[in-house]
Amino acid sequence: MIDLPKCPEYGSEYTYEDGNMSVWPECAHAWAKVDVGEGADAEGVVNDAYGNILKDGDAVTVIKDLKVKGSSSVVKVGTKVKNIRLVDGDHDIDCKIEGIGAMKLKSEFVKKA
């Protein structure tokens with residue numbers, strides 16, 4: 001029997017593989033399987049909402065309206081953000097959004113462009 005991982009978000013045990021994705025039907029999450037190779041560390045891997053691996057300098061698109069904390073501004077769906085920088089923490093993307101300025105985003109609300 002293959003030992004499949006639990007959902008990283010909610011811990012669901014009922015995992016199945018679909019192509020190169022791991023899927024957890026209880027919580028509706030799907031992540032790309034990451035083959036980190038021998039001696040590599042999977043901790044530093046940041047995925048977008050669709051499981052694509054993000055790197056410094058990538059361009060991403062926002063997939064959900066995001067309220068800007070402490071402001072009445074909103075980052076609209078479809079906003080393209082260029083030249084992202086990955087950082088550690090809850091909000092794992094540092095970027096500059098035109099018309100708003102410097103921001104931190106969560107990778108779960110973006111897709112790789």
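So, β12 gives the most to the lining of the second largest pocket, three residues. A strand here is a DSSP run of E with at least two residues, and strands are numbered from the N terminus. A pocket is found on a 1 Å grid over the protein atoms alone: it is an open set of points where a 1.4 Å probe fits, with protein on both sides within 12 Å along at least five of seven lines, and lining residues have an atom within 4 Å of a point. Rolling a probe the size of a water molecule over the atoms shows where empty space is left.

Before I go on: this is a predicted model, where local features need pLDDT of at least 70, side-chain atom pairs count only at pLDDT 80 or more, and totals for chains, interfaces and linings use all residues. Residues are numbered from 1 along each chain as its sequence is written, and side-chain values use heavy atoms, with hydrogens and water left out.

Back to the pocket. Its space comes to about 210 Å³, a volume filled by probe spheres set on grid points that are joined across faces, edges and corners. Besides β12 (101-105), β7 (66-67) also supplies at least two lining residues. Among the residues around the pocket are L66, K67, H91, M103, K104, K106 and F109. What classes do we get in the lining? Five nonpolar, one polar and four charged residues. For that count, Ala, Val, Leu, Ile, Met, Phe, Trp, Tyr, Cys and Pro are nonpolar, Asp, Glu, Lys and Arg are charged, and the others, Gly among them, are polar.

Now, who does β12 pair with? Five bridges join it to β11 (residues 93-97), and the two run antiparallel. Pairing needs at least two bridges found by DSSP. One of the bridge partners is I97 with G101 in β12. Together β11 and β12 make a hairpin with three residues between them, and G99 in the turn has a positive phi of about 90°.

Let's follow the charges on that hairpin. The structure holds four salt bridges, each a side-chain nitrogen of Lys or Arg within 4 Å of a carboxyl oxygen of Asp or Glu. One is K104 with D94, at 3.6 Å from N to O. K104 sits in β12 and D94 in β11, so this pair ties together parts 10 residues apart in sequence. D94 also meets R85, at 2.9 Å from N to O. Through shared partners, R85, D94 and K104 are joined into one network.

Buried or exposed, what is D94? Buried, at 15% relative accessibility, where buried means under 20% relative accessible area, exposed over 50%, and partly exposed in between, with a 1.4 Å probe and protein chains only. R85 is partly exposed at 47%, and K104 is partly exposed at 48%.

Another salt bridge pairs K106 with D90, the closest N and O atoms being 3.4 Å apart. K106 is in the loop between β12 and β13, and D90 is in the loop between β10 (85-86) and β11, 16 residues apart.

Leaving out residues up to four places away in sequence, S107 touches V46, N47, D48, A49, L54, D92 and I93; contact means heavy atoms within 4.5 Å.

Conventions. Helix = DSSP H or I, 4+ residues; strand = E, 2+ residues; numbered from the N terminus.
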